[in-house]
Amino acid sequence: MATSLPEEDVMFLRLASLLHRIAPRAVRRSSGVSSDKFDVSLMVCLLRHFTDLDIQDNLPSKTIHTTAADISRIKLYRNYIVHSDSGKVTEDTFLEIWNCVVEAIIRLLPEIKPEIDDLKSSSLTNVGDIKHVLRLEKELEKNNQHLSAINHKLETLDIQHNNIRDISD
């Protein structure tokens, strides 16, 4: 039995799917990370700590098209969607986020464009699709909790590393 969702819900689910299913592959490709189990947040954390990429916590200028800027865009909007309390976005917000994230993804991984086009035009009013996206959202939240623990461990390791370096100097 098909259920119809309000358009704001559908747009939110499209963004969640874009940022959960497609964006991680683009971030993996530009970073050289090959694990299929890493979500965007974990990859960004690892890239920030173990590469020279200058990943920001603010939205980069629209004119900056570096790998770090594109990963920063994906990270920022992924966090916006994951931490949304409403589960809805307006059409203007959808278009702003969708266009920004899609452009970033395509710059990082151009061959993924057909999959993005399919996602934008696919019907999310099917109950199976909706349940799949909702499962993805729950999985995202679990990944966030796991990421927080990893972040804490990385910070501890970084402090220990700096202490050891200070002692050695």
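Biologist: Is R21 buried, partly exposed or exposed?
Modeller: R21 is partly exposed, because its relative accessible area is 33% (buried is under 20%, exposed over 50%, partly exposed in between, with a 1.4 Å probe and protein chains only). The model is predicted, so local features need pLDDT of at least 70 and side-chain atom pairs pLDDT 80 or more, while totals for chains, interfaces and linings use all residues. Residues are numbered from 1 along each chain as its sequence is written, and side-chain values use heavy atoms, without hydrogens and water.

Biologist: Where does R21 sit?
Modeller: R21 belongs to helix α1, residues 7–31 (a DSSP run of H or I, at least four residues). Its C-alpha atom is 9.8 Å from that of V40, 19 residues apart along the chain.

Biologist: And K75, buried or exposed?
Modeller: K75 is buried, because its relative accessibility is 9%. K75 is part of helix α3, residues 67–82.

Biologist: Which residues does K75 touch?
Modeller: Leaving aside residues up to four places away in sequence, K75 touches V40, V44, R48, I55, Q56 and D57 (heavy atoms within 4.5 Å).

Biologist: Changing topic, how do α4 and α5 pack?
Modeller: Helix α4 (residues 91–108) meets helix α5 (residues 113–121) at about 160 degrees, with axes 10 Å apart. The two are therefore roughly antiparallel (over 145 degrees; under 35 is roughly parallel, 65 to 115 roughly perpendicular, the rest oblique).

Biologist: Which residues make that contact?
Modeller: From α4, the contact uses F94, L95, W98, V102, I105 and I106, and from α5, K113, I116, L119 and K120.

Technical notes
Axes are lines fitted to C-alpha atoms, for helices over the stretch in contact, and angles run from 0 to 180 degrees between N-to-C directions.
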